[in-house]
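Hi there,

Here is the structure I promised to hand over to you.

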Amino acid sequence: MAVVACGAIARHVADIAARREWPVAVHPLPPLLHNRPERIADAVARAVAGLQPRYAKVAVAYADCGTYGALDDVCGRLGGHRLPGSECYELFAGAARIRALLEAEPGTYVLTDYLATSFHRSVVVELGLDRHPELRDDYFGHYRRVVWLAQHPTARLRTAARQAARVVGLPLEEVVVGDVLLEQALAELLTGRCA
């Protein structure tokens with residue numbers, strides 16, 4: 001079985017598969033696709049179509065990720081399934097918990113382990129803040145806090161999350177979530193019990 005995975009969660013997917021001894025080949029797509037979500041569905045379609053001749057089953061380890069249903073259309077057309085939810089934050093913290101965090105403070109910027117460690121490349125460079133730091137408030141002026149959904153909190157990741165929060169000038173809150181919900185969603189996806 002193959003899994004076309006969002007590069008931002010591919011390592012977690014591979015680690016879970018290895019721990020559970022699932023015979024899965026993980027094929028990550030570039031995580032920077034999240035900066036252009038209108039490109040995700042086409043990239044997934046190309047990857048799935050390319051893998052289908054070699055694998056009995058190809059699953060998609062993406063939430064909707066800003067595709068507004070386009071990824072569901074791809075999965076339906078190619079006979080596959082994807083992970084549940086509107087974005088990866090729900091895969092780690094659950095939809096109710098994300099909703100509660102955002103209702104408590106609508107100006108919440110959310111980090112995952114991946115985003116904390118790749119913040120400079122994924123956000124600072126991609127938004128041009130390395131060249132134009134004066135744009136920081138244009139991008140982040142309406143945010144009030146950074147919440148790090150810590151899957152595997154370590155000193156290195158904590159330092160990265162603090163640095164990301166410092167770059168945007170906001171306080172950091174750490175919420176330890178682990179990867180239990182992602183593991184459950186993957187189990188359902190890989191055994192065909194997902195919607």
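**A histidine to start from**

His-142 is exposed, its relative accessible area being 71% (buried means under 20% relative accessible area, exposed over 50%, and partly exposed in between, with a 1.4 Å probe and protein chains only). You will find His-142 in the loop between α7 and β5 (helices are DSSP runs of H or I with at least four residues, strands are runs of E with at least two, and both are numbered from the N terminus). Along the chain, His-142 and Pro-106 are 36 residues apart, and their C-alpha atoms are separated by 9.1 Å.

Before going further, a word on the numbers: this is a predicted model, in which local features need pLDDT of at least 70 and side-chain atom pairs count only at pLDDT 80 or more, while totals for chains, interfaces and linings use all residues. Residues are numbered from 1 along each chain as its sequence is written, and side-chain values use heavy atoms, with hydrogens and water left out.

**The aromatic rings**

The structure holds four aromatic pairs (rings of Phe, Tyr and Trp, the last by its six-membered ring, pair if their centres lie within 6.5 Å; planes under 30 degrees apart count as stacked, over 60 as edge-to-face and the rest as tilted). One of them joins Tyr-109 and Phe-140 edge-to-face, at 5.4 Å centre to centre with 75° between the planes. Tyr-109 sits in strand β4 (residues 108-112) and Phe-140 in helix α7 (residues 136-140), so this pair ties together parts that are 31 residues apart in sequence. Both of these residues, Tyr-109 and Phe-140, are buried.

Tyr-109 also pairs edge-to-face with Tyr-143, at 5.3 Å centre to centre and 90° between the planes. Here too distant parts of the chain are linked, as Tyr-109 is in strand β4 and Tyr-143 in the loop between α7 and β5 (145-150), 34 residues away. Are these two tyrosines buried or exposed? Tyr-109 counts as buried at 13% relative accessibility, whereas Tyr-143, at 27%, counts as partly exposed. Together, Tyr-109, Phe-119, Phe-140 and Tyr-143 make up one aromatic cluster.

**Two packed helices**

Helix α1 (residues 10-20) packs with helix α9 (residues 180-190) at an angle of about 70°, their axes being 10 Å apart (axes are lines fitted to C-alpha atoms, for helices over the stretch in contact, and angles run from 0 to 180 degrees between N-to-C directions). That makes α1 roughly perpendicular to α9 (angles under 35 degrees count as roughly parallel, over 145 as roughly antiparallel, 65 to 115 as roughly perpendicular and the rest as oblique).

Which residues meet there? From α1 come His-12, Val-13, Ile-16, Arg-19 and Arg-20, and they meet Leu-182, Glu-183, Leu-186 and Ala-187 of α9 (contact means heavy atoms within 4.5 Å). By class, this contact has five nonpolar, one polar and three charged residues (Ala, Val, Leu, Ile, Met, Phe, Trp, Tyr, Cys and Pro count as nonpolar, Asp, Glu, Lys and Arg as charged, and the others, Gly among them, as polar).

The buried residues of α9 include Ala-185, Leu-189 and Leu-190. The buried residues of this helix pack against β1 (2-6), α1, β3 (58-61) and α4 (88-93). Just after α9, Gly-192 takes a positive phi of about 80°.

**Cysteines and a loop**

The disulfide count comes to zero (a disulfide is a pair of cysteine sulfur atoms within 2.5 Å). For Cys-6, the nearest cysteine sulfur is that of Cys-65, 5.5 Å away. Cys-6 is buried, with a relative accessible area of 1%, and Cys-75 is buried at 6%.

Cys-65 lies in the loop between β3 and α3 (70-78) and counts as buried at 10% relative accessibility. Although not a glycine, Cys-65 has a positive phi of about 55°. Tyr-68 lies in the loop between β3 and α3, and has a positive phi of about 50° without being a glycine. Tyr-68 counts as exposed, at 79% relative accessibility.

**One leucine to finish**

Leu-101 belongs to helix α5 (residues 95-104) and is buried, with a relative accessible area of 15%. Leaving aside residues up to four places away in sequence, Leu-101 touches Thr-108, Arg-145, Val-147 and Leu-149.

Best wishes, and enjoy exploring!
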